[in-house]
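Subject: Handover of a structure and notes on its contents

Dear colleague,

Please find below the structure that I am passing on to you. My notes on what was found in it follow directly after it.

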Amino acid sequence: MPKAYLSIEGLGVTFSKGAQRSEVLRDINLQVERGEFVSLIGHSGCGKSTLLNVVAGLIPATTGGVILDGQEVDQPGPDRAVVFQNHSLLPWLSVRENVDLAVNKVFGSAKSAAERRDWTLHNLELVQMTHALNKRPAEISGGMKQRVGIARALAMQPKVLLLDEPFGALDALTRARLQDTVMQIQSTLKNTVLMITHDVDEATLLSDRIVMMTNGPRASIGQVLEVSLARPRDRLAVAENPAYIRGRAAVIEFLYARQAA
Amino acid sequence: MSVPKPSFTPAEPLTAALAPPEPQETRAGLADELARRATATATAVLPPLLTLAALLGIWQLAASSHPGGVPSPSAIWQDSHDLILDPFFDHGGTDKGLFWHVLTSLKRVGIGFSLSAICGVSLGVLIGANRWAHRGLDPVFQVLRTVPPLAWLPISLAMFQQAQPSALFVIFVTSIWPIIINTAVGVRNVPVDYVNVARVLRLSPIEYFFKILLPATTPYIFTGLRIGVGMSWLAIVASEMLLGGVGVGFFIWDQYNASRISDIVVALAWVGLTGFALDRLVALAGRLISRGDAAS
């Protein structure tokens with residue numbers, strides 16, 4: 001049986017602290033194809049961040065495992081770049097230097113110095129941040145920081161891009177603009193994306209599939225929903241689309257009727 | 001459509017009417033600016049000056065009512081105005097102006113403090129990064145840091161048998177603890193997010209040290225260095241009592257033996273101002289190096 005590009009198989013995570021053991025995830029199975037945009041949605045504390053961190057290699061799996069492009073995930077690496085919820089840019093580096101750090105580390109031997117510089121600029125161009133190259137994170141807005149975080153992740157040319165509630169801390173207007181940027185980038189680069197969100201509209205607008213998780217502890221996948229909307233998607237046009245409305249309703253039904261927190 | 005029309009006609013006469021008083025306005029603006037600057041300077045400088053004058057006044061009154069004790073400010077001026085006015089004289093031996101004494105002391109503090117900065121930051125990184133080093137060493141450091149400089153003197157002499165290294169050791173051992181402890185706290189507080197960034201990028205331990213750990217810890221290190229430089233300056237009098245020769249600590253001890261209290265008061269003013277300058281210098285270095293992020 002041919003394996004999917006990213007395959008999560010029988011994954012379970014149990015944290016133990018002294019004699020206390022808490023089972024966070026149980027028997028998670030998920031196949032993600034190359035170029036697919038998959039969202040994980042669920043109530044707070046359902047372990048979706050844990051799942052993303054296991055795929056990132058930041059947390060070890062207790063049972064089962066993750067296979068990406070034929071290789072088992074057993075440690076973090078730039079092929080699974082993470083955009084963290086709170087951007088986690090290094091405050092002592094400028095916008096350009098933050099991306100440079102990743103580019104120099106990942107392509108230090110593969111590209112010349114000039115190529116690396118251009119690659120940094122290219123990725124900052126993708127997120128429209130070339131106007132603030134020499135600014136430091138404290139000098140730019142939350143939305144801009146998140147853009148730089150996305151540029152840093154894209155610059156690693158990851159096999160799968162992991163977004164951990166990337167727009168969670170932003171206001172609604174900034175969030176919408178960033179979602180459009182992400183959709184546009186994904187349509188050109190065809191990234192494989194795994195995104196955590198708690199926003200139903202965001203999940204429906206951006207995803208090819210929405211993975212809905214049951215409440216923790218011992219959370220698992222409750223339901224997977226295909227969003228069959230043609231791309232490129234326009235947030236105004238899809239709002240009237242029956243497929244969008246149905247998808248959105250199905251997620252809301254799952255979250256608030258069947259998994260009411 | 002009719003709205004913009006009337007606004008055109010009155011515009012010209014208005015500017016014409018406004019034009020003549022303009023130079024006066026700038027003059028008034030300049031005067032305003034000068035007044036504002038003067039006020040700002042006055043609010044910054046006047047309170048400490050007034051406080052100083054008041055303290056000197058109280059001191060003068062208190063000292064003149066108890067003759068034979070601490071000299072009053074006017075008596076100090078009479079006794080020591082040579083020392084106050086010319087800090088640069090050099091009559092050979094230990095008979096030098098206070099500038100030379102302070103400079104010699106600063107050199108000693110410079111050596112002792114540099115050593116404690118290097119060792120303190122290294123040890124701080126070690127006990128911050130290694131749980132076992134922390135468990136083993138932290139209690140020891142917490143006890144040792146409370147030992148006063150003077151108490152280290154006999155130990156130091158017994159260890160080195162010579163005055164010069166003993167004096168440096170006293171400065172070193174007094175100032176190292178806050179550097180170790182603050183560096184360790186900084187290392188233990190490196191945000192998990194930065195560590196995750198390093199893990200995703202697979203930074204090597206050396207890259208992690210220089211690109212993440214050190215910059216993230218810089219504000220803490222400089223807090224430690226700032227406390228440390230203050231303490232090393234505190235230790236100078238103790239350490240120079242055993243050294244003899246030139247140095248502001250020995251100067252104070254020497255003048256005490258010669259019962260020249262006035263000269264000691266002058267030297268104390270130098271010690272205080274120098275300590276203040278050292279503190280500001282380290283704070284400034286911290287701000288420059290961490291590009292303004294340092295916890296002040």
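A salt bridge is a side-chain nitrogen of Lys or Arg within 4 Å of a carboxyl oxygen of Asp or Glu. By that criterion, 1 salt bridge is counted between chain B and chain A. Its partners are B:Glu207 and A:Lys105, whose closest N and O atoms are 2.8 Å apart. Please bear in mind throughout that this is a predicted model.

The interface

On the side of chain B that touches chain A, α9 (192-200) and α10 (205-243) of chain B each supply at least two residues. The most comes from α9(B), which gives 6 residues. Sorted by class, this side of chain B has 8 nonpolar, 3 polar and 7 charged residues. The contact as a whole takes 24 residues from chain A and 18 residues from chain B. About 1900 Å² is buried between the two chains, and carbon and sulfur atoms give 61% of that area. Between chain B and chain A there are also 5 residue pairs in polar contact, with both residues at pLDDT 80 or more.

Chain B

Among the contacts in chain B between residues at least 6 apart in sequence, 68% join residues at least 24 apart.

In soluble globular proteins, nonpolar side chains tend to be buried together. The largest nonpolar core here has 138 residues, and A:Leu25 and A:Leu194 touch the most other members. Helix α8 (residues 163-188) of chain B contributes the largest share of this core, 11 residues. With residues up to four places away in sequence left out, A:Leu194 touches A:Leu6, A:Val38, A:Leu40, A:Leu52, A:Val55, A:Val160, A:Leu161, A:Leu162 and A:Leu163.

A buried glutamine

A:Gln259 lies in the segment after α8 (242-258) of chain A. Is A:Gln259 buried or exposed? A:Gln259 counts as buried because its relative accessibility is 16%, and the cut-off for buried is under 20%. Apart from neighbours within four places in sequence, A:Gln259 is in contact with A:His43, A:Met213, A:Thr214, A:Asn215 and A:Phe254.

Backbone features

Most residues other than glycine have a negative phi, and most peptide bonds are trans.

- A:Arg231 and A:Pro232 are joined by a cis peptide bond, with omega about 0°. A:Pro232 is found in the loop between β10 (221-226) and α7 (235-238) of chain A.
- A:Asp69 is not a glycine, yet has a positive phi of about 50°. A:Asp69 is placed in the loop between β4 (63-68) and β5 (71-72) of chain A, and is partly exposed because its relative accessible area is 35%.
- B:Gln161, also not a glycine, has a positive phi of about 65°. The loop between α7 (149-160) and α8 of chain B holds B:Gln161, which counts as exposed because its relative accessibility is 66%.

With kind regards

Conventions: Residues numbered from 1 in each chain as written. Chains lettered and ligands numbered in written order. Predicted model: local features only at pLDDT ≥ 70, side-chain atom pairs only at ≥ 80, totals over all residues. Heavy atoms only, no water. Helix = DSSP H or I, 4+ residues; strand = E, 2+ residues; numbered from the N terminus. Buried < 20%, exposed > 50% of the residue type's maximum accessible area, 1.4 Å probe, protein only. Contact = heavy atoms within 4.5 Å. Buried area = accessible area lost by both parts, 1.4 Å probe. Polar contact = N/O pair within 3.5 Å; in protein donor to acceptor, adjacent residues only side chain to side chain. Nonpolar A, V, L, I, M, F, W, Y, C, P; charged D, E, K, R; others polar. Core = buried A, V, L, I, M, F, W, Y, C linked by side-chain atoms within 4.5 Å.
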